[in-house]
Amino acid sequence: NVQPGVSNRPMDMVAIRLPLAGFENLDGADGMKDPVWLYGGPDSQALLLMRGGPGDSRIYRYVPVSRLTSDQNGSFSFEQKEIADGFPLRYYEDPALTIPEENRRSWLNSWHSEIEWMRATHKSKYSNAIVGLHEHVQRHPLFDAIDAPESTDQALIRRFRQRQRYLTEADMLVLAQNHWNFDVRGFNAGGNHGSFLRVSTNSTFMIAGGDKTGIPKGRVVEEPYDGLSFVPTVLRLMGKVDANNEPSQELRKLRFRRFPGRVIRELVDPSK
């Protein structure tokens, strides 16, 4: 290795969605979605779990495991491990994790909301990987189950469009080590750049206004936010969404729905 500080192993880990049927005995599996398996080696693996929380929220859990295998019937076996150094995402040993060292083992062994994970990990090496990996490899249906089609033709078109969506979903995600990529110098299948490392995901949202913009002066943003906060924050400043991110009647006529993401409260709340 001729570059000090750069690993001589280009591959960091592999992420893949596994069927929930093989993990129904896990604690908290009721209402859980398909788990995400992170493979960093035979003894360096983890399961990322997600299920519904209060209201329409989601909660997540990180489970270190090793030696995960499956048989021809689709049954999985693995060893659940105590959290320690060396497991994928390296949260336990990351000095930038905001959880005190004496509380990390119990915290990482529990379910937490998206906001709690963001507050705990946003300064760490893998910043928003817990939520981001789920968003990348989970299935995202185009249509709500209760939103029934109006005709047979419409049902057929929906099946076609949903199948198109499934065909674009990743079968697995191969993640490179820092300073590496998988550029093939030709045909690009979409896998030669990007990562969940903080150096790749950290971005700057700069906003400036004047006396007539309603944007307060001299505010300091201390809460961590992600890219989903950009659109609802701008629309809130324009008066186009309410406090629950519900669009105005003008936007509803254009078929907009409730926007995901948290509004940057330091910009829109005069009391902050």
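The questions and answers below go through a pocket and some aromatic contacts in this predicted model.

Trainee: What is the volume of the second largest pocket, and which residues are the closest to its centre?

Mentor: The second largest pocket has a volume of about 800 Å³. Its lining is made up of 29 residues, and those closest to the centre of the pocket are S203, T204, F205, Y225 and D226.

Trainee: What kind of pair do the rings of W37 and Y39 form?

Mentor: A search of the whole structure finds eight aromatic pairs. In the pair of W37 and Y39, the ring centres are 5.6 Å apart and the planes stand at 70 degrees. Planes over 60 degrees apart count as edge-to-face, so the pair of W37 and Y39 is edge-to-face.

Trainee: Is W37 buried or exposed?

Mentor: Residues under 20% relative accessible area count as buried. W37 has a relative accessibility of 17%, and therefore it counts as buried.

Trainee: Which ring does the charged end of R139 sit over?

Mentor: Another arginine, R51, lies over the face of W111, at 4.4 Å from the ring centre. The charged end of R139 is 4.2 Å from the centre of the ring it sits over, and that ring belongs to Y166.

Methods:
Residues numbered from 1 in each chain as written. Predicted model: local features only at pLDDT ≥ 70, side-chain atom pairs only at ≥ 80, totals over all residues. Heavy atoms only, no water. 1 Å grid on protein atoms, 1.4 Å probe; cavity = no way out; pocket = protein on both sides within 12 Å on 5 of 7 lines; lining within 4 Å. Points joined across faces, edges and corners; volume = space filled by probe spheres on them. Phe/Tyr/Trp six-rings, centres within 6.5 Å; stacked < 30°, edge-to-face > 60°. Buried < 20%, exposed > 50% of the residue type's maximum accessible area, 1.4 Å probe, protein only. Lys NZ or Arg CZ within 6 Å of the ring centre and 35° of its normal.
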